[in-house]
Amino acid sequence: KDLNISDYNIIDIGSGSGENSISLSLSKPYAKIISCEIFEDGNINLCNDLIKNKITNIKIFKGNILEFFSKILVNHYFDEIWILYPDPWPKQRHHKRRLINKNFLTMICSYLKKNARLLIATDSQTYLKSILSIIYDLKNIYKWENQYPSQWFYEYQNLPTTKFFKKALKSNRKSIFIQLKKI
C-alpha cells in the first residue's frame with residue numbers, strides 16, 4: 001500500500017543523537033517521524049545529520065515526552081512509538097523516575113492507532129524485569145509479539161547501532177528488544 005507522509009506517524013522517545021530516527025527515516029521515507037530528546041547535544045547532532053543527508057521527514061521536539069503528550073489533542077495518531085534505552089534509574093529509590101511504568105504505557109495507548117507498535121530496548125536486567133511485569137499487567141491492551149527468547153536480542157534484529165547499544169556491548173550487557181502491538 002502506498003502511504004502518504006500524513007498516514008504513517010512515528011515518535012522516537014529519548015532519541016539521543018538520532019541514530020534510530022535516521023534509520024527509521026531511511027527505511028520508511030513515507031513516514032512522518034518526531035524525534036523527542038530533552039538534551040541539546042543530541043538534538044544538535046541530529047540536526048547536523050538531517051542537513052547533511054537532506055532528510056525532511058523528521059521533526060524534533062526538544063523537551064520532556066510527558067510535556068509533548070500533554071500538548072497532543074489527537075488520539076490514535078501514532079503507528080509506532082520507539083523507546084530505545086530509557087534511563088534505567090538503577091537505584092531502588094529512583095525507580096519512580098523510570099519512564100516505562102504502568103501509568104505511562106496506559107496513557108500512551110490512547111495515542112496509538114489500532115494494531116500500532118510499541119518498541120522498547122534496554123540493557124538493564126532490573127528494568128527489563130519491571131517492563132516484563134508491566135507488560136503482563138497490561139496484557140489486555142498490548143500483545144507481546146516477540147515472546148520467544150531468540151527474538152529478544154537487539155543485535156539479531158535489523159536495528160540501528162546506537163550510542164547506547166555500543167555502550168552495552170562494551171560493558172558486556174545484553175540488549176533486549178521488546179515489540180508490542182496495541183490490541
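Are F69 and F78 buried or exposed? F69 is buried, and F78 is buried as well. Buried here means under 20% relative accessible area, exposed means over 50%, and partly exposed lies in between, with a 1.4 Å probe and protein chains only.

The model is predicted: local features need pLDDT of at least 70, side-chain atom pairs count only at pLDDT 80 or more, and totals for chains, interfaces and linings use all residues. Residues are numbered from 1 along each chain as its sequence is written, and side-chain values use heavy atoms, with hydrogens and water left out.

The chain contains six helices and seven strands. These are DSSP runs, numbered from the N terminus: helices are H or I with at least four residues, strands are E with at least two. Along the sequence, the pattern reads β-α-β-α-β-α-β-α-β-α-β-α-β. The C-alpha trace spans about 40 × 35 × 30 Å along its principal axes. For 183 residues, a compact globule would have a radius of gyration near 16 Å, and the chain agrees, with 16 Å. This radius is taken over C-alpha atoms, and the globule rule is 2.2 Å times the number of residues to the power 0.38.

Of the 183 residues in the chain, 46% are buried. Among contacts with a separation of 6 or more, 74% join residues 24 or more positions apart. A contact means heavy atoms within 4.5 Å.

Aromatic rings were examined next. The whole structure holds 14 aromatic pairs. One of them joins F69 and F78, which are edge-to-face, at 6.4 Å centre to centre and 90° between the planes. Rings of Phe, Tyr and Trp (its six-membered ring) pair if their centres lie within 6.5 Å; planes under 30 degrees apart count as stacked, over 60 as edge-to-face and the rest as tilted. Why is the pair of Y154 and F177 edge-to-face? The ring centres are 6.5 Å apart and the planes stand at 80°, so the pair falls in that class. This pair links distant parts of the chain, 23 residues apart. Y154 lies in the loop between β6 (142-144) and α6 (163-170), while F177 lies in strand β7 (residues 176-182). Both Y154 and F177 are buried. Ring pairs also link F61, F68, F69, Y77, F78, F104 and Y111 into a cluster.

The charged end of K139 is over the ring of Y136, 3.7 Å from its centre. K174 lies over the face of F153, at 5.2 Å from the ring centre. The criterion is NZ of Lys or CZ of Arg within 6 Å of the ring centre and within 35 degrees of the ring normal.
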